[in-house]
Amino acid sequence: MREERKPGYLFLPDEEFERRIEVLYRRMEKCNICPRNCGINRYVTNKGLCRMGVKLKIASANLHFGEEPPISGYRGSGTIFFSGCPLRCKFCQNYPISQLLNGNYITEEELAERMLELQERGAHNINLVTPTHFVPQIIKATYIAKKMGLRIPLAYNTSGYESVETLRYLEGIVDIYMPDIKYSDNYWARKLSAAPNYWDVVRPAIKEMYRQVGGLKLDERGIAYRGVLIRHLVLPEGVAGTEKVFKFIAEEVGRDVYISLMSQYFPAYRAFDDPVVNRRITRREYEEAVKLLEKYGLENGYIQELYFYEM
Ligand code: SF4
């Protein structure tokens, strides 16, 4: 059975695609695509916090089998990693791509071709990883790909640090949102990701994603075709503020949202310099987070049994 988009995306009229592309490309002249609001002209410099100008840069485009079961399915998720990132997480596990900017420049037309190649290889979806700063280029590439026959769902795989205004331009284009909620405490967001307003930004962003696509919906094979899947990575010493995160989801978003509670944290990049996050989490830290899922009645989702630092 081939993947098919559900009504919505395919019916976004060409004029609406073109309008959105025009507005968003103009916004890069004084860039406010993400909540950093750098105000730089990305046509002449790449000195914004994401360190990306107007040219697309990607590190890879391949089938990926390590995502949650409804995303990877049995044929893989067509995963495209974008270079650069508006956040500066000290512990980023993708830091060679996000912060050292590894990758190759490509055009929007070439990105569209990569999407179609992944579809051809059987991908259940196109999974855009760290897409935030390239929303204009991604919409343009999707528009081109749509005309060439793209029909699988588009998944937006983000840190959660998103501008609501920009997210509105993705309505009817993105089918699945996979945001992180990294912290519920701005102190740690500033210290570890240089984002002192992360908690204030991520909550309205998640609500906007949920408004657009609702809770995660699976087809008869268990493959996701629409909805929100929130990821929460448990960090050492309660730094991720898990209880406040789950309380927010249960009370202000919806209990039909799927949650992926991740245990795979390991210190990478500059995390070794910080005595709080320079170790893996313990089994007890993870189990406490699992109990909080139960406490807030969040029953949909995935928990992991990976590696723990035993104490
Ligand atoms: S997309 Fe980049 S340049 Fe634009 S506001 Fe965000 S970090 Fe700054």
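I noted the rule for handedness first: a crossing is left-handed if the near helix is turned anticlockwise from the far one by less than a right angle, and right-handed if clockwise. The model is predicted, so local features need pLDDT of at least 70 and side-chain atom pairs 80 or more, while totals for chains, interfaces and linings use all residues. Residues are numbered from 1 along each chain, and side-chain values use heavy atoms, without hydrogens or water.

Entry one, a helix pair. I looked up α1 (residues 14-27) and α5 (residues 135-147), which pack at about 155° with axes 9 Å apart. That makes α1 roughly antiparallel to α5, a label for angles over 145 degrees. Their crossing is left-handed. Contact means heavy atoms within 4.5 Å; on α1 it involves Asp14, Phe17, Glu18, Ile21, Leu24 and Tyr25. The α5 side includes Val135, Pro136, Ile139 and Tyr143. I sorted the contact residues into eight nonpolar, one polar and five charged.

A pocket is an open set of points on a 1 Å grid where a 1.4 Å probe fits, with protein on both sides within 12 Å along at least five of seven lines; lining residues have an atom within 4 Å of a point. Of the 34 lining residues, Asn94, Asp180, Arg231, Met262 and Gln264 lie nearest the centre. Strands β5, β8, β9 and β10 each supply at least two lining residues, and β8 gives the most, with three. The lining divides into 14 nonpolar, 15 polar and five charged residues.

How values were computed. Axes fitted to C-alpha atoms, helices over the stretch in contact; angles between N-to-C directions. Helix = DSSP H or I, 4+ residues; strand = E, 2+ residues; numbered from the N terminus. Parallel < 35°, antiparallel > 145°, perpendicular 65-115°, else oblique. Nonpolar A, V, L, I, M, F, W, Y, C, P; charged D, E, K, R; others polar.
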